[in-house]
Structures are given as C-alpha cells and as structure tokens.
Amino acid sequence: MMNKTSLIALALLVFMGFYPLFVDSAWLAVGTTFLVFSVVAFSQDIILGRAGVFHMGHAMFFGMGAYTTAILNVHFGWPILATWAPSVLIPMAFAFVLAGPIIHLRGDYLLVATIGFNIIFIQVLENDVFGLTGGPNGIFGIDIVRLFGIEFASQTYMYYMAFILLGIALFIMRNLDKSKFGRAMFYINKDEIAAQSMGISIRYYKLYAFIVGAGIAGAAGSMFSVQYSAVSPEAFNVTQSIMFFTIVLVGGSASLPGVLIGTFIMFVLPEVFREFETARYLVFGLAMILTMILRPRGIWPVKFGDIPSYLKKGVK
Amino acid sequence: MSEYILEIKHVSKYFHGLVAINDLSMKVKKGQIYGIIGPNGAGKTTLFNCITGIYTPEEGQILWKGKEIKGTTPFKIAELGILRTFQTIRLFAEMSVAENIMSGRHIKSKQKWYNGIIHTPAYYKDEKENWEKVGELMAFFNLSEYATTPAGDLSYGIQRRIEMARALAAEPELLILDEPAAGLNENETLELTQTIRKIQAMGVTVMMIEHDMEMVMSLTEYITVINFGAKISAGLPAFVQDDPVVVEAYIGSDEEDEHE
C-alpha cells in the first residue's frame, strides 16, 4: 500500500539518487550541501519542532562536529573515518553540559541564552584557542575519506556520502517519532503541565532532544568539513543558526517533508537565483513573513494520528 | 501501613501572603470515592495542585502510603501512581485521541534510552502492549471511532472522557478528578457516574471536586467541605448535606465566581 506521501518520497529518493548524473560540479556541490544542511535542519527540528525548545544556536553543534574532524585530522593526523565517532560524541557532550543549566528557561529566555553560547563558540574559534582552531581563517587541508585503499575524493563520492548520512538521519527521526521518547517531546511541546502530570520529566526529554540533535548536527559537520576540505568560523555563526531555525518554522515543525522543503527554499533557491544577487534576499525575507502569516504551522505541517492500523478499525 | 492511602495533615498554602489553603487535613481510604466540595475560589483546585506537586505547600504534610510527598515534582508524583484530570481540560489538542491516551502509558512503557534512536525486539513488544492498552481504554470510554481525530476538534463531553482515559492509562492507584461533570449534559453526567463506579471497581481510589450535588451525593463515600481554604465540614454525604455551616457557605456565595 502506497499513499500519496510515500509516492512523493519515493520519487524524490529516485531523483536525489540520480541527481549527480545530470549536473555539473557546481550544482553537485550545491546538492551535497543541501543534503548536509537537511541533516542539520532535521537535528534542529528534534529540539525545536519536537521538544519545542527555542534553540537558536544550533550552528554551534554543527561547527563542533566540523572542527572536531578538522582538528583531529589536520593537527593530530587521524584518518577521517576515525574522527567520525568523536565528531558526534563531542557535540553531544557539550549539549549535555551547556543545555543542562538553561533547559528550565522559558522559550524567549532560552533563545537568548543559546544565541549567547553560539557567540562565545565563534569567539573561541576566532581566537585560535590552544592553537587548534586556526583563528578567523579556520583550518585548511582536511583529508578525504580513505577506506581499503579507495580514495573517496570526487564530489560524486561526497554527494553519495551525504546522501547516506541523510538516510541515517531520516531513519533516526522515524525511530524517534515512533518511540516513547519522540512522543514525550511532543507532549511537552503541546502542554508542559499535562505532560508532567502524566509522569513525563520535562528536563530529561528536553535534554535528550538536545543531545540527540547535537550528535546528528555533529555528524553533518564532519561531512561538511570533508566536502570543502576546510572549515572557518563564519559557517557556524548565529546567522547560520537563524537559518536552521527558520528552515524548521517555514517548512513545518516536526514534519519530515516540511523540513526538506524548508531547506530547499532557504538554501537551494538562493543558489538558483544567484544572478539576482542580493535582491533575492528581499524575496526570501518576504517569503518568510508571508509563510508565517498564511501558513503559521509551516508549508507542509506535521500530521498527527499515525497510530497502529488495528486501532483504526473503529474509525468511521 | 495505615488504611489510609493519602493523608493530608495541617497543610497551608499561601500566594503572596494570602491564604489559599488554611490548615487543611483529610484522610482518604484505599478504594474510596472521596468528594471535595465548596464554593468557587475555596481552594479546592489549589489542594489538588498541592497533592500533584504543581504547588508546594508552605506548611503541613502530604503522606502517600505513609511517606511524605510534599515538594516532589509532578512527574514523580505521577510515577507514584497519582494521576489527575484538569478543571480546564488540558489535552494535547493537535494530537489524535489515541496519541493523547498513549501519553498515559508513558510511565508504564519499558523502552530504553536507545530506543529513541534504534528499535529492538523488546521495543516492538513494549510498543504493541501499550497501544493495545490504549485500544482497550478507547473501547471502555467509547472513543474508538475518534482514534485518529485531533482531540481539540471534539466536543467538551468527549474531551472529558479522553482526559479520564489518559489518566487511567497510567494505571493509577489514586485518580484525582477536578470537576469531571463540568459542562456535561444530564445524560453525559449519568454516564460519567457509572464510569466512575466502574473505575472504583477496578480498585482505583478516586478523589473528586464536583459542583453537581446530585452526583456528589450519590457517588462519594466521604466528603470534605472547604470554604476560604479551610475545612468547614466533613463526613458522610447525608451528614454534610444537612450541615447548617455548609448550607450557609453555599447560600452566602456567588456560584458564578471565577475559579482559582
């Protein structure tokens, strides 16, 4: 049985799978970055769309993953493959340490605090702490993935690696949504008092969202650093965080197709309209405003009611 | 252990120096249907909020099976087996009825921390058991036909049933109902009365605030009357009904006051 959404998803999958065969290298790079940004947007969506935490510093976790791979590879000579685990685990550890003291804050207060963390993170990068982060220019010369003597150097390899990463991210998102953990986040998001009264620890599940979100963003960061073989601070600043935040709200909080659409609109469309230069941002600003007015729940809003079929028998 | 499942001893709660609950004591027996009545603004809901951990009373003790639970966070109170409904219905409005009731299964679900990322055979078993329990509750409360409907789209009476189903899904020992009949028509109230009796028959202790006197008198086994945060009368329904202090408190009050 295929419903309309599954058909669209399948068509998209096929299109994305064959995309590298039809495009030049510039558009291939756009495609790869689209995949990487989608993964980051999904991880932002765990925190913002599911747990309902107004977190506007997500580029920080993305950057931590990128810099972990860059530092371990360039300064310590680790192969890229070996940096994957730390580039996931280090952002997770930071998420636990940083979010812990602010997780009880209400929406707007927490938002300001997360921006603060992001600003400090950029300061740390730009000041070349311990001589590791390379200052404002960042780190260059990041290696490629090598496995069994194969060098995954071409942009096509990069694209398919990002494609697999997105697949893994979607697999996790789906598992999360169909578990006690994903549901608990939704309950907290919709009504904290009711959720608590059902025995749900608000702190635990918000932190869970932060840690899982940071881990996925870190993996995307690692991929990003390998794709460009360089990292620099401005790719992870507050403006980037705002972009990820906006992608989720414009596309549709907690909606998998919504977040993909959001990433497409916020990242790919500006590339398509590159010839219009900065004038295009006027259009995007307007698009963001109009979406919020006309479709406050996003372009493709989340749909609830995905319950086991045997419970739908009585539905008229 | 004493025969009382919940003991409230000399509890006082203040808001900015104003007394909301004043030296209140009561004891609830296991298996009882216990009624709390009183004029609007008397502090009844505040008492429920103190029991369920939303407020921490400044003075007194709240003993659950003999152990102090005052100051315990709401989610831990729920884990102890004290579940509640709300006077102003608090459902997850955008989510389906089944998903709302599933929230009650949260504390019974045995999923491990990694099951949010990867599913295991134990996860599938647990998930199935919990959804089946949701199915049973939807059947019990006549909600099966609304399984996929967003809870917020349904009528008041149905929403009240969803709230009770959700609380019952957690298999509580004590079910706290805050004005369950508010906004219900006569038929719905009758149905509710029967439902509460069935819940009691399952072995659940019930504590309820209710303004519908007919319902309270027919259903409850013991009543405490509160006015201005203090107990003014307590006893069997027949006694409380005729207590002059109670009659005076009701006549002297305005039924349409804002609730706290």
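Student: Over how many bridges do strand E9 (residues 222-227) and E10 of chain B pair?

Tutor: This is a predicted model, in which local features need pLDDT of at least 70, side-chain atom pairs count only at pLDDT 80 or more, and totals for chains, interfaces and linings use all residues. Residues are numbered from 1 along each chain as its sequence is written, while chains are lettered from A and ligands numbered from 1 in the order in which they are written. Strands (E, at least two residues) and helices (H or I, at least four) are DSSP runs numbered from the N terminus, and two strands pair if DSSP finds at least two bridges between them. In chain B, E9 and E10 run in the antiparallel sense, and the number of bridges in their pairing is 5.

Student: Which residue of E10(B) is the bridge partner of B:Thr224?

Tutor: E10 (230-235) is an edge strand of chain B, pairing on one side only, and belongs to an open sheet of 6 strands with mixed pairing, in the order E6-E7-E8-E3-E9-E10. The partner of B:Thr224 in E10(B) is B:Ala234.

Student: What angle does the direction of H1(B) make with that of E7(B)?

Tutor: H1(B) packs on this sheet, touching E3, E6, E7, E8 and E9 of chain B, where contact is counted when C-beta atoms, placed from the backbone, lie within 7 Å. Axes are lines fitted to C-alpha atoms, for helices over the stretch in contact, and angles run from 0 to 180 degrees between N-to-C directions. Between H1(B) and strand E7 (174-178) of chain B, the angle is about 150°.

Student: Which strands are at the edges of the open sheet of 4 strands in chain B?

Tutor: The order in this antiparallel sheet is E2-E1-E4-E5, with 8 bridges joining E1 (residues 4-15) of chain B to E2(B). The strands that each pair on one side only are E2 (18-29) and E5 (67-68) of chain B.

Student: Which helix gives the most to the side of chain A that touches chain B?

Tutor: The contact takes 34 residues from chain A and 37 residues from chain B. On the side of chain A, helices H6, H7, H8 and H9 each supply at least two residues. With 8 residues, the helix that gives the most is H7(A).

Student: How far apart do the C-alpha centres of domain 1 and domain 2 of chain B lie?

Tutor: Chain B is divided into domain 1 (1-81 + 172-186 + 197-260) and domain 2 (93-171), with bounds from an automatic or database domain assignment. Their contact takes 8 residues from domain 1 and 9 residues from domain 2, and the distance between the two C-alpha centres is 27 Å.

How values were computed:
Contact = placed C-beta atoms within 7 Å.
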